[in-house]
Amino acid sequence: MKNRMGFILEIIICFMLILPISGCWSRHELNSLSFVVGVGLDKAEKPGEIQLTTQVVKPGELKSASAKNKSSGSGGNGTNAYWNIKRTGYVASKIIRDFSHESSHRLYFPHNQVLIIERKLAEEGIQKYIDTFIRDNETRFNVLIVVSEDRANEVLDVSPELEKLPAINIAKLVETQNVTSESPTVRLIDFIRRLMNKTTAPIAPLIRVTSDGNEKTVEVFGTAVFKHDKLVGELNKRETRGLLWVINKVKGGMIDVAVPSGDGTVSLEIMRAKSKMTPVIQDDTILIKLDIKAEGIINSQSGSEDITSPVHVASLEKELSAEIRKEIIAALKTAKDLNSDIFGFGESIYWKYPSEWKKLKMKWDEVFPDIEVALNIDTTLRSTGNISAPAVPAKE
Amino acid sequence: MRLERGIISSSQLTFLVAGYVQGSVMVVAITNIITKQYTWLVVLSGLAASIPLAMVYIALARKFPGKDLIQINRIVYGPYLGKLVSALYIWFFCSIAGFMLTYVGEIIKYYMMPETPKYAICILFACICAWTVRNGIEVLARTSVIFVMIIIFVILITFFLLLKDMQLTNFLPFFDLSLKDFIQGTHVMLTLPFSEIVVFLMVMPYVNKGVEAKKSVILGLIIGGVSILIDTVRNTAVLGVTSTIMVSPSIESVRLIDLAEIITRLEMLVITLLLIAMFIKVSVMYYGSVLGIARLFNLRSYRPLVLPIGSIIVSLSILSFTYLAQNVGFATGTGPFFTLTFEFSPVITLLIAKIRKLPK
C-alpha cells in the first residue's frame, strides 16, 4: 500500500514538473520579434554621428507583396514586405536599442544577412562602429560586409526584381559573384581576421545603385580596399580578379582573347584555379613567387576558323596566361599605389621567415611598394564544348 | 567501514577520467591569449607533463590499497597534520566545483538565457549533481560512458563540418613562440584540465581491479587530451587570429557551420557538450568533497552531507566570478598556482611514505 502511494506521488511530481519545464522567463514569442535582414551604416549630418538603417521583414506582406513595387520607391506604404527603420546617434548599439521607440517589436538580429557601410563612413574608419556586430551575441560572423557607393539607406530601399527583400537580394548578389570572380565575397569573420592582422588589409565588395529612368537596380562592382579600418581606394572588376587570382579565390569567370592567327575573339571560361604564394628573401631583397594554375574551356568563338588543333589550343593557353598576368599586374599596381597589402604578402613572409619578419613589419609600409613579384602562370584548356569547329558554311 | 558500496570497473574509470578532463577547456579558451595559434602544442605538452603526475597518484593509490586520499593523509602525516592537509584538500575540491559551476552558469546565461539570473542555472545544475552524488559513484561512472561517447561524437562531427572553413596557414609559422609563453601555456594546461584528476584518489578505492587502474587512468587522460586537441585545432584552423579575442572560440567556430543553409546554427551542440562534460566534472569534485568530509569526521554515511555541501558549492559559484573574461583571467593568473599546490603535494606524500616505509 505504501509502495503504491509512493508510486502515485512520483507520477504526480513528474506531471507537476512538466509545468515549469516549458519556462517563460526570457521567452520571445515569434509575433513580438522583428527579424532584421539587413543593416546599413551611413554618415549622419552632424560630425561623428551615424545613421543606422535596419531592414525588418513584414512576414504578413511576404506572401502578397509584388516582387517589385513600382508605385513608390520608399518603404512602408503597405505593399512592401520590408520596413526600413532609420535613426541617428553616436554609437551603433545604442541606436539599435533606441529603435524600440519606433518599433513595437523587438529587433532580432541572428538572421541578419548583410552589413552595408557607406563609402564616406568607411573612409573615416569603421572599427568603432562594427564592434557591436562582433561583440553582441545575437549577431553572427557569417554576415556579409558590403561597402556602398551611395547611401546605405537608399541601397536598402531599391526593390529588387526577383527577391522580395532588398537585403536578401544584396546578400545573394554578392554570393553569386563567383560566376565572374570580379567581386569578392567577404564575411564579417574574414573582415576582422584581416583587420586584426598588422599588415594584411581588409577588402569588401563595392555596390551602387544604377538607374535607368525610373528603374533602379543594385549592382556589384569591384572591391573596396581598406588600410587598417579606413577605406583608401578601390579596385575595378578586372583588378579585383587579379587580386582573387593571388589569394586563391577565383571560382570562375570569362576571359576574352583574340584568336592568334585569324579573325574574331574566343571566350574562355575559367573552371578551376589554384594559386600558391612563396616568398623568397635573398640578401635583403624580397621576391614573392606566385604559381597559378588555371583550367578553362572554350565557351564561344566569334570567328570562323577551326581553333581546336593542338597548335591553336597551345597558343590560346598562352594568350590566356598573358591575360591573367595583365590582370594580376593591374591589381598589384593599384595596391602598391594605395600602399595597402591586400594580398597578404606580409603574412606569407611571416609564415616562412618569422625572424626576418620582426624587422620587416616595422617598415612594411616602405617595403611593400617596392616588392617584386614573379608570376608563373600555367593554363590548360580542357574542353572545346559541344562542338569542335564552329558552325559555318562549308568552304570550298 | 565502507562509505561507498558501489564498485566501478576499470573501463568505467577510463570514461570517467576522459569526461572529467574534457570538462573545463571545452568551451572557454584558457590559453589562447598567451599561446595564440600554438595552443595545440601546449595541449600536447601539458598532456605529456601530466602523465608522470598521474603515475604518482596511481602509485600512491596502489601503495595503500582500498584507502582514499583522506585516509592516506592520516596514515602518512599523522592524525593532526593529516587532518589539516585533508581539510585543505576538501576546500580545494569544493572551490574547483564552485568555479566549474560558474562556467556553466555564465555560459548558459550569456549564450542562451541572458535574462535568467545565474543562481537559477547554478542551483538547477547543482541539484542534478547532488542527486547523482547521492546515488553514488556507480551511477556517475555509468552515465559518463554514454556522455563521453556523445562528446567525442559531437567534436568529430563539428570538426568534419568545418573542414571547408579551415585554413592550415593559421598554424604558421611553425614554432614562433617564446619559451616563457610556452612554459606558461604548458603550466596552465598541465594544472587546469589534466592534473585536476588528483580528485580521483577519492574514487580509486572503489575500482574493482586495482591493478588495471593505471592503464585506465592514463588511457582516460589520453582520450580527454586528444578530444581537447581536436577542439583546439578546429578553433585555430577556423578562426585564426580572431580566436585570441573570443570568450568562447568553440561556440564561435561552430556558429560558422553553414551547410547549404540547412545545417546551420549548431552552437547549441557545443553548449550541450559543455553541460554534460561539466556535469561529470562538477559531480566528481562534489563527490570528492562530500566523501572527504564524511571520512574526515568518521561518519557512517556521506548522504546527509550532500545537500549542505551542495549549498556551499552553489554559494561559491555565485561569489567567485561575475563575468567570463574574469574567469579566463583567473585561469591564466593565480589559478594554475593554486591548483598546482594540491596537485603536486601527493608527490611529497609518496616520498614521505617511502621514507617512513609505510604502510607497515
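**A hairpin, a domain contact and a helix**

Mentor: His228(A) takes a positive phi near 50° in the hairpin of S8(A) and S9(A), which has two residues between the strands. This is a predicted model, in which local features need pLDDT of at least 70 and side-chain atom pairs count only at pLDDT 80 or more, while totals for chains, interfaces and linings use all residues. Residues are numbered from 1 along each chain as its sequence is written, and chains are lettered from A and ligands numbered from 1 in the order in which they are written.

Trainee: How many bridges join S8(A) to S9(A)?
Mentor: Five bridges join these antiparallel strands, where pairing requires that DSSP finds at least two bridges, and Val225(A) has Gly233(A) in S9(A) as its bridge partner.

Trainee: Switching topic, which domains does chain A have?
Mentor: The assignment, which is automatic or from a database, gives domain 1 (29-235) and domain 2 (244-386).

Trainee: And how many residues of domain 1 of chain A are in contact with domain 2 of chain A?
Mentor: 18 residues of domain 1 are in contact with 18 residues of domain 2, contact meaning that C-beta atoms, placed from the backbone, lie within 7 Å. Strand S8 (215-227) and strand S9 (230-235) of chain A each give two or more residues to the domain 1 side, strands (E, at least two residues) and helices (H or I, at least four) being DSSP runs numbered from the N terminus.

Trainee: Why is helix H11 of chain A largely enclosed?
Mentor: Because seven of the eight residues of H11 (345-352) are buried, that is, have 20 or more other C-beta atoms, placed from the backbone, within 10 Å of their own; among them are Phe345(A) and Trp351(A).

Technical notes
Contact = placed C-beta atoms within 7 Å. Buried ≥ 20, exposed ≤ 12 C-beta atoms within 10 Å, placed from the backbone.
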